[in-house]
Amino acid sequence: NFDRATPIFAEWEPSKSFSEIFRKSVLDILNSLEKKGRIGVLEVGCGHGTWLGAINKLDFSKKIRYTGIDFSEKRIGIAKKLFKKNRNAKFLAADYLSYDANKKYDLVFFAEVFQYVNKGDFSKFLKKAKSMLKKNGCIIIIDKDKHSLHSLKVFLGKHLKRLPYYYRHVHYPSFSYLTRLGKMLELGFIKKIKVNEFNALVLKK
């Protein structure tokens with residue numbers, strides 16, 4: 001229950017590895033779009049807005065129109081308070097698959113979201129993201145890989161009941177599978193990055 005864990009996540013800060021892979025994927029793509037006019041960004045599973053803080057440090061951040069959605073109303077409430085002075089950002093409590101954006105984005109990204117998604121829904125998530133992209137828009141997925149040592153540790157920890165309750169529904173995605181799925185959905189492959197336990201997949205419409 002993410003509402004229950006809101007106080008814990010509100011104090012959370014990304015590790016150096018997480019920040020580095022975010023820089024090499026999301027910030028790298030945004031830098032490539034700097035010469036555009038307005039840049040539309042959608043973050044799915046934005047929580048309390050950690051990554052908007054990183055995006056705001058870009059020199060051209062005023063050109064970015066950021067939307068963050070999350071199904072936890074409590075976490076969205078915190079994000080709204082933290083970024084109430086940011087006129088180019090909005091936060092919405094919404095279910096991603098039923099979210100009606102009514103606009104197109106240059107970038108849709110998911111940071112540690114697919115670990116909570118059933119494998120059978122991966123295709124729905126990518127199709128939805130593709131439908132919301134402008135021409136040449138990008139999708140970025142950041143997570144830990146199913147076949148990593150970290151994934152094994154979480155698996156053992158769950159069975160030994162030595163992990164916090166919010167790990168109960170974690171099951172990391174296979175990035176090889178996500179890459180193949182992207183190809184099946186006719187999304188172009190840009191790059192796959194690895195920084196320690198983190199992976200990032202960048203796809204293009």
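The following questions and answers concern a predicted model of a protein chain.

Reader: How many helices and strands does the secondary structure of the protein chain come to?

Author: Along the sequence, the elements of this predicted model follow the pattern α-α-β-α-β-α-β-β-α-β-α-α-β-β. Taken together, the secondary structure comes to seven helices and seven strands.

Reader: What share of the contacts in the protein chain with a separation of 6 or more comes from residues 24 or more positions apart?

Author: The protein chain has 205 residues, of which 48% count as buried. For contacts with a separation of 6 or more, residues 24 or more positions apart account for 76%.

Reader: How many disulfides does a search of the whole structure find?

Author: Cys46 counts as buried at 5% relative accessibility, and Cys138 counts as buried at 7%. A disulfide requires a pair of cysteine sulfur atoms within 2.5 Å. A search of the whole structure for disulfides finds zero.

Reader: Which residue forms a salt bridge with Glu20?

Author: Side chains of opposite charge can pair when their charged atoms come close. The whole structure contains six salt bridges, and the one formed by Glu20 has its closest N and O atoms 3.0 Å apart. Both partners lie in helix H2 (residues 16–32), four residues apart, about one turn of the helix. The partner of Glu20 is Lys24.

Reader: Are Glu20 and Lys24 buried or partly exposed?

Author: Buried means under 20% relative accessible area and exposed means over 50%, with partly exposed in between. The relative accessible area of Glu20 is 28%, and that of Lys24 is 32%. Because these values fall in the middle range, Glu20 and Lys24 are partly exposed.

Reader: Where in the chain do Lys36 and Asp106 lie, and how many residues apart are they?

Author: Lys36 forms a salt bridge with Asp106, in which the closest N and O atoms are 3.4 Å apart. The pair links distant parts of the chain, with Lys36 in the loop between H2 and strand S1 (39–44) and Asp106 in strand S4 (residues 105–111). Their separation is 70 residues.

Reader: Which residues are linked with Asp106 in a network of salt bridges?

Author: Besides its bridge to Lys36, Asp106 meets the side chain of Lys134 in a salt bridge of 3.2 Å, N to O. This second pair also links distant parts of the chain, since Lys134 is in strand S5 (residues 133–144) and Asp106 in strand S4, 28 residues apart. The residues linked with Asp106 in the network are Lys36 and Lys134.

Reader: Which side chain makes a polar contact with the side chain of Asp143?

Author: Asp143 is found in strand S5. Asp143 is buried yet has no salt bridge, and the nearest side chain of opposite charge, Lys144, is 5.6 Å away. Leaving aside neighbours within four places in sequence, Asp143 is in contact with residues including Tyr172, Phe175 and Asn199. The polar contact, at 2.7 Å, is with the side chain of Gln115.

Reader: What is the angle between the planes of Phe110 and Phe125?

Author: A pair of aromatic rings is described by the distance of the centres and the angle of the planes. The structure holds 13 aromatic pairs. Phe110 and Phe125 form a tilted pair, 6.3 Å centre to centre, with an angle of 45 degrees.

Reader: Why does the pair of Phe110 and Phe125 tie together parts that are apart in sequence?

Author: Phe110 and Phe125 are both buried. Phe110 lies in strand S4 and Phe125 in helix H5 (residues 122–131), so the parts that the pair ties together are apart in sequence by 15 residues.

Reader: Which residues do ring pairs link into a cluster?

Author: Phe114 and Phe122 form another tilted pair, 5.1 Å centre to centre and with 55 degrees between the planes. Both of these residues, Phe114 and Phe122, are buried. The cluster consists of Tyr96, Phe110, Phe114, Phe122, Phe125 and Tyr177.

Reader: What is the relative accessible area of Thr67?

Author: Thr67 has its place in strand S2 (residues 64–70). Not counting residues up to four places away in sequence, Thr67 touches Val41, Leu42, Glu43, Lys90, Leu92, Tyr99 and Tyr105. Thr67 is buried, with a relative accessible area of 2%.

Terms used: Residues numbered from 1 in each chain as written. Predicted model: local features only at pLDDT ≥ 70, side-chain atom pairs only at ≥ 80, totals over all residues. Heavy atoms only, no water. Buried < 20%, exposed > 50% of the residue type's maximum accessible area, 1.4 Å probe, protein only. Salt bridge = Lys/Arg side-chain N within 4 Å of Asp/Glu carboxyl O. Helix = DSSP H or I, 4+ residues; strand = E, 2+ residues; numbered from the N terminus. Lys, Arg positive; Asp, Glu negative; His and termini not counted. Polar contact = N/O pair within 3.5 Å; in protein donor to acceptor, adjacent residues only side chain to side chain. Contact = heavy atoms within 4.5 Å. Phe/Tyr/Trp six-rings, centres within 6.5 Å; stacked < 30°, edge-to-face > 60°.
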